[in-house]
Every structure is written in structure tokens, then in C-alpha cells.
Amino acid sequence: MKLKVCALLIANLGLIAAPPAVAGEVEDLKVLVKQLQQRLEQLETREATKVAAAPAAAPAAVPANVVTAGTLPGSIKLPGTETSLKVYGYAQLDATHDFKGRNSDINNNDWASALFVQPFNNASTGRSHKGQTYATARTSRIGFETATQTSSGVLLTKVEGDFNAPNQFQGELATNSNTFRLRHAYGQLGNLLVGQTWSNFSDLGSFPDTVDFNPPGTTALLRQPQIRYTIPLASSKLALSVENSQSLSFPTAPRVNDFDRSPDFVANWTMSGDRGHLSLRAVSLEYRNDNHAKRGYGLGLGGSLKFGDDTLVAGIQGGEGIGRYMLNSLVQGATDVGNSINLWKAYGWHVGYTHTWNAKFRSNLIASQTVFDKDEVANVAQRGLGSADLFPNRRIEQVFVNTFWAFEKNAELGLEYAWGKRTTFNNEVGTQNRINASVRYSFY
């Protein structure tokens, strides 16, 4: 087209600049111009045909040593491999202030709420520790995830840890050091997962949003080695797992040894949708020591429901000897009463509501309760251990009220009031009145 325009301009300029010519010469010029235009159109058509027929240029090959985006969100592809690597985590500071009292063993994991061993209000041994303040960075976390394309599908791996492990060496008296603690370490190929992660009995989607490092004691705060296979079922899935067992019965003197013979068996059916989820779970576990054995069980139902930007979560679980599959029954699952093992019957529920004020602020109101059935023989036997912390509980109640403020990109502040009470079968009462605060700076 540009050639055609140029030719016409040249022809016209030539006509304008030329001296007067006879009529025959003008007609000859018009014929020549027309022929030139036709020739130009033929050339343009031929060039366009060549361009259309030419193969598209191949994209330049990426050098083997160049880092590109990986298949996982926020990951990079390692040069020279088929593996995508993602690094994640955060630096976090937690602080607590107890108005009533707290367990003195804050070098262990009991700095977070563990109401089942809350000191009694009338404690005379100095264990109530009223008005105690504690700050730590031990919940800071780092993790790695990979995805590798294999002939059998995508292989996923995950290794994650924090620093919330006991450490008496160079603790608060020196450098506030804390020991690294393994949280997750597993691989997953297709529907098969092998390694350590959250128990299949845990329903993370129904956990309330707390500032406290521990959510309500009715939840299954349990990560352990396992082999898990997940079966997709339309909009739901069924996960079956064989998990590491840990028998924990509290014997009378003389002490007998607990040991593990068979693994725990867990099933979890979960249905998910745009507005929430529903989870139904079951576990079978064995208590065994040198003299006796008995099998316990646990059942759980949990879910979540969205109301616009707000969310309601709830859960209920219990069983006979549910033990460590519910935090509040960790030390009250089974008791050796001399001629047999008695299993504590327990159940617990929790409800949490999250209200989103805007993009930066959200608040939560959370309530929970755990109840144990009476067992006079087990009560007497367990009290014989001599530790007030382990006196059998009859009821445990908790309430959390909090607000989170995302004050900057990747930065969040949480502030919470936590109230709790434990009541034993002998009517001893331990009350928690605590302020929790946290500041988290995520990697990205």
C-alpha cells in the first residue's frame, strides 16, 4: 500500500511539473500509471502470500541456568530440573499476660493455653503465678514445598518447622534460644501421602481463628507419621490413614510401662463447596501397657459456612478413650485401675464466628466446652499420681474475643482476651484470665 501511494504521488507530481503536452501524450501517461498500479498490487499480493505461508519463528530457548516461575504459586523452577521450589514462613512475636495464674513450665509448650493443667485458684505451692507476662519468638516458622513432574504424575513434598520446642539451655537467662521443632515432613504422589503431617482426624477448616497459639482444647492438635490414601468422590473425598500410635495410660504405683503394638486407624469424609465444608471423622486406637489392653475410639463432626465476608465454624467430637485426639483429653484418655484399663468418656464442642470489618480488620468470638463422664475408680487412681495438674477434670470451658489488624502488606497484629475454667470431679477450680498479643511478618 505504501508503494502504491508513493507511485501515485510521483505520477501526479510529474503531471503537475511537466510542461503542457498534447492530448495523446497525456493519455499515454495515464495508461502507464494504471499499469504501474496494477503491477504494484500484484507485488503486494505475492509478498502477503509469502508471509502467510512462512512458518512462525520458534521462541528462543531458555538457557539452562536461567531461573523461571514454577508451577506452585509463588515458586521458582530450579535450573536444569523439573522441580518447582517454594519457600514460605514468617517471623512472629507472641506475648501473654495472665491476671489469675498460669503453669510455671513456660520453657515447655505450656506457655500457650493448656487449660486441662491450669493451676487451681487456691494453689498454695506458688504455682499460680498471678500477673505473669511472657514474650517469645518461638512460633516463627519456615517451610519448603516442591512439585516435580514424574511419569506417575506430580510429586509434592513439604518440610516445615518452627522453634516451639523445650529448651532450658540459654533460655531467658541468656540469649532466649529455642530448639527447632519438626512440624511437617511428607511426600505426596497422586492420592497417596506418606510422612508426617496433620492427623487425618484433624479438621483444620473448622478451627477457630485465635491469637493464642493453641485453638480451643476441643480440637485435634495432632501431627504424626502416617500413610494416607484419598479417594475422590465427586464433590467430596474419603481419606483413609494408618497413623503412628502412642499409648498413654496413667497407672497406679508401681508404675507399669505403656507400649504400642498396633497403629491408629482413621477415616475422614469431607465435602467442600463455595460456601463452606462438612467433615465427618472416626478413629480407632489402642491403649496397652505391661498388664492390660483396651481399644478406644473417637468420632468427630465439623464444618464451616460463609455469610458474605463472614465465616461460621463449628465442631463436635468425642468418644471413649479419645485421648490425644482432643487436646483437653490429652492426659485423660485412659487410667490403669489395677485390674484393667478404664477409658474416660469425653466429648467437646466449639463455635467460632469471624466478622470482617474491612480489608484490614477482622474480629472473632469463640466459645467451647469439654465434658467428661464420671468414673470414681479412675478418678481415685489418677489422683494417686500426686500431681495436682493431672487431677481428672469434669468440665473445661473457654471463651476467646479478638481482633486482627493487617496494618501493612505482609504484616498483622492480633490482640485477644481469653477466659477459661477447669473443674475437677473433686470441685477444684482453675481459672484463666489472659491477654494474648501477636505480631506476624510474613515472607510475602
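This report describes a predicted model of one protein chain, from its overall make-up to a few single residues.

## Basis of the model

Because the model is predicted, local features need pLDDT of at least 70 and side-chain atom pairs count only at pLDDT 80 or more, while totals for chains, interfaces and linings use all residues. Residues are numbered from 1 along each chain as its sequence is written, and side-chain values use heavy atoms, with hydrogens and water left out.

## The chain as a whole

The chain has three helices and 22 strands. Both are DSSP runs numbered from the N terminus: helices are H or I with at least four residues, strands are E with at least two.

Of its 444 residues, 42% are buried. Buried means under 20% relative accessible area, exposed means over 50%, and partly exposed lies in between (1.4 Å probe, protein chains only). The accessible surface is about 23,200 Å², and carbon and sulfur atoms hold 61% of that. These areas come from the Shrake-Rupley method with a 1.4 Å probe; for residues, only the protein chains shown count as cover.

Take the contacts between residues at least 6 apart in sequence: 63% of them join residues at least 24 apart. A contact means heavy atoms within 4.5 Å.

## The second largest pocket

This pocket has a volume of about 540 Å³. A pocket is found on a 1 Å grid over the protein atoms alone, as an open set of points where a 1.4 Å probe fits, with protein on both sides within 12 Å along at least five of seven lines; lining residues have an atom within 4 Å of a point. Grid points are joined across faces, edges and corners, and the volume is the space filled by probe spheres set on the points.

The lining has 24 residues. Asn200, Ser202, Arg228, Lys237 and Asn268 lie nearest the centre. Strands S7 (179-189), S8 (192-198), S9 (223-233), S10 (236-243), S12 (264-273) and S13 (276-288) each give two or more residues. S8 gives the most, with four. By class, six lining residues are nonpolar, 14 polar and four charged. Here Ala, Val, Leu, Ile, Met, Phe, Trp, Tyr, Cys and Pro count as nonpolar, Asp, Glu, Lys and Arg as charged, and the others, Gly among them, as polar.

## Helix H3

Helix H3 covers residues 376-383, and its buried residues are Ala378, Asn379, Ala381 and Gln382. They pack against strands S11 (249-250), S16 (334-336) and S17 (341-343). At the start of H3, a side-chain oxygen of Asp375 comes within 3.3 Å of the backbone nitrogen of Val377.

## Buried loop residues

Ser75 sits in the loop between strands S1 (68-69) and S2 (76-77). Its relative accessibility is 8%, so Ser75 counts as buried. The Ser75 side chain reaches the backbone oxygen of Leu72 at 2.6 Å. Leaving aside residues up to four places away in sequence, Ser75 touches Ala69, Gly70, Ser84, Leu85 and Lys86.

Phe120 lies in the loop between strands S3 (83-98) and S4 (132-136). Phe120 is buried, at 8% relative accessible area. Phe120 and Arg422 are 302 residues apart in sequence, but 8.4 Å apart in space, C-alpha to C-alpha.

## Two positive phi angles

Most residues other than glycine have a negative phi. Asn176 has a positive phi of about 55°. Asn176 lies in the loop between strand S6 (153-165) and S7, and is partly exposed at 45%.

Asn427 has a positive phi near 65°. Asn427 lies in the loop between strands S21 (411-424) and S22 (429-442). At 56% relative accessibility, Asn427 is exposed.

Definitions and conventions
Polar contact = N/O pair within 3.5 Å; in protein donor to acceptor, adjacent residues only side chain to side chain.
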